[in-house]
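User: I have a chain open on my screen and would like to go through it with you. Could you take my questions as they come?

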Amino acid sequence: MPSRRSLLISGATAAVAALVSNRAMASGPGGAAWLRPLRPGSRLRAVNPGTWMDPDRDLTPLRERCSAEGWLLEIPTEVRGQWRYFSGTDGDRRAALQEAWHDPGLEAVISLGGGWGGARVLEAGFRFPRSPKWSLGFSDSSSLLLAQWAAGLPGAIHGSNGGPDEQWQRTVDLLSGRPVESLEGIGVRTGVAEGPLVVSNLTVATHLIGTPWMPSLQGAILVLEDVGEAPYRIDRTLTQWRSAGLLNSVAGIACGRFSWDEDDVLPGDFTMEEILEERLGDLGVPLVLNLPVGHGLPNQALPLGALGRLDGRRGLLDLLP
């Protein structure tokens with residue numbers, strides 16, 4: 001079984017941010033104040049705020065996907081750097097993000113790699129500009145997505161630039177301002193809730209509790225996923241969320257994909273589905289499990305802050321216009 005670190009590195013692929021003026025904001029999927037869609041001619045730059053990546057990794061497919069949309073992808077040499085288990089020092093990674101987000105001609109930043117490092121960049125002083133930006137990523141990049149929404153900036157999308165074409169197309173549609181289909185899981189607790197989406201890797205979000213980068217969950221539809229964590233560790237983590245009162249005011253909860261080493265579960269233990277229902281099913285809000293979100297395939301994109309509707313009976317999550 002691969003280690004959690006290797007799963008995070010292989011699964012986390014992208015964090016994108018578009019630097020646009022307030023005049024470029026518009027209504028988009030989910031009804032939130034949104035950003036001007038990416039368009040042919042948009043400039044993108046790759047950065048790597050986390051763990052160093054395989055120097056032999058072929059970025060041609062990503063470049064070709066961007067080119068197919070008419071987007072121009074820049075890949076600086078430092079994305080392939082290495083310092084200890086990071087792609088560079090905290091200061092170097094912070095500076096790369098600062099440069100990209102403050103470049104007035106740059107419309108998107110794609111974060112490569114994964115593993116661990118996003119929260120250290122925040123600790124090192126990275127701050128989002130006041131102008132909202134697109135951002136696309138998941139796994140370790142969840143820390144940057146959550147911090148962006150905590151700063152009151154729309155445009156963060158939990159999703160991947162990898163995977164099959166159908167998965168990538170949903171991501172492109174969101175970045176291009178086009179509607180996307182509902183996501184279907186398994187309804188566990190009935191009811192219908194509407195609210196802004198907050199989407200994250202559970203472990204990464206847990207380590208932001210008590211920091212300025214953890215957004216409010218008041219009235220939110222919370223969507224969580226994780227990888228490489230056994231049911232007992234998910235139990236421990238969700239108990240922390242419950243004890244901290246973070247789940248007291250959510251409108252609804254949906255869980256994406258949770259995967260773990262089967263050897264971590266002994267006869268008589270809770271299964272993953274059982275512990276998710278046991279820890280999240282008594283909150284009096286709709287609960288849906290097994291959405292196609294998170295590590296593995298498919299990993300369907302969802303925008304933070306966009307208005308969503310969660311139907312606990314039908315097991316559906318929709319973005320509202």
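User: Leaving aside its neighbours within four places in sequence, which residues is Leu276 in contact with?
Analyst: This is a predicted model, and in it Leu276 is in contact with Ile234, Leu238, Cys255, Phe258, Gly281, Leu287 and Leu289, once the neighbours within four places in sequence are set aside.

User: And how many residues does the largest nonpolar core have?
Analyst: The largest nonpolar core has 81 residues, and those with the most contacts inside it are Trp241 and Leu276. As a general background, nonpolar side chains in soluble globular proteins tend to be buried together.

User: Switching to the annotation, where does UniProt place the "active site" feature?
Analyst: The UniProt record, an unreviewed entry, places the feature "active site" at Ser139, Glu225 and His295. These residues span 157 residues in sequence, yet no two of their C-alpha atoms are more than 8.7 Å apart, so they gather at one spot.

User: Is Ser139 buried or exposed?
Analyst: Ser139 is buried, with a relative accessible area of 0%, and it is found in the loop between β6 (135–137) and α5 (142–150). Glu225, which lies in strand β11 (residues 221–227), also counts as buried, at 0% relative accessibility.

User: What does Glu225 touch, not counting residues up to four places away in sequence?
Analyst: Glu225 touches Phe138, Ser139, His158, Ser200, Asn201, Leu202, Gly256, Arg257, Phe258, Val293, Gly294 and His295, and both Ser139 and His295 in that list are positions that the UniProt record includes under "active site".

User: New topic: how many salt bridges does the count come to?
Analyst: The count comes to 15 salt bridges. One of them joins Asp103 and Arg45, with the closest N and O atoms 3.0 Å apart. Asp103 lies in the loop between α3 (90–101) and β5 (108–111) and Arg45 in strand β3 (residues 43–47), so this pair ties together parts that are 58 residues apart in sequence. Both Asp103 and Arg45 are buried.

User: What about Glu194 and Arg309, how far apart are the closest N and O atoms?
Analyst: In the salt bridge between Glu194 and Arg309, the closest N and O atoms are 2.8 Å apart. This pair links distant parts of the chain, with Glu194 in strand β10 (residues 192–201) and Arg309 in strand β15 (residues 307–311), 115 residues apart. Glu194 is partly exposed, with a relative accessible area of 41%, and Arg309 is partly exposed as well, with a relative accessible area of 33%.

User: And Glu229 with Arg233, buried or exposed?
Analyst: Glu229 and Arg233 are both buried, and their side chains meet in a salt bridge at 2.7 Å, N to O. Salt bridges that share partners also join Arg43, Arg45, Glu74, Glu99 and Asp103 into one network.

User: Last one, which residues in helix α2 are buried?
Analyst: In helix α2 (residues 60–68), Leu62, Arg65 and Cys66 are buried. They cover an arc of only 95° around the axis, which puts them on the same side of α2, whereas Glu64, Ser67 and Ala68, on the other side of α2, are exposed.

User: What covers the buried residues of α2?
Analyst: The cover over the buried residues of α2 includes β3, β4 (72–74), β5 and α6 (165–175). Just after α2, Gly70 takes a positive phi of about 85°.

Definitions and conventions. Residues are numbered from 1 along each chain as its sequence is written. This is a predicted model: local features need pLDDT of at least 70, side-chain atom pairs count only at pLDDT 80 or more; totals for chains, interfaces and linings use all residues. Side-chain values use heavy atoms; hydrogens and water are left out. A nonpolar core is a set of buried Ala, Val, Leu, Ile, Met, Phe, Trp, Tyr and Cys residues joined through side-chain atoms within 4.5 Å. Buried means under 20% relative accessible area, exposed over 50%, partly exposed in between (1.4 Å probe, protein chains only). Contact means heavy atoms within 4.5 Å. A salt bridge is a side-chain nitrogen of Lys or Arg within 4 Å of a carboxyl oxygen of Asp or Glu. Helices (H or I, at least four residues) and strands (E, at least two) are DSSP runs, numbered from the N terminus. UniProt positions are given in the numbering used here, feature names are shortened, and annotations may be inferred rather than shown by experiment. The arc is that of the directions from the helix axis to the C-beta atoms.
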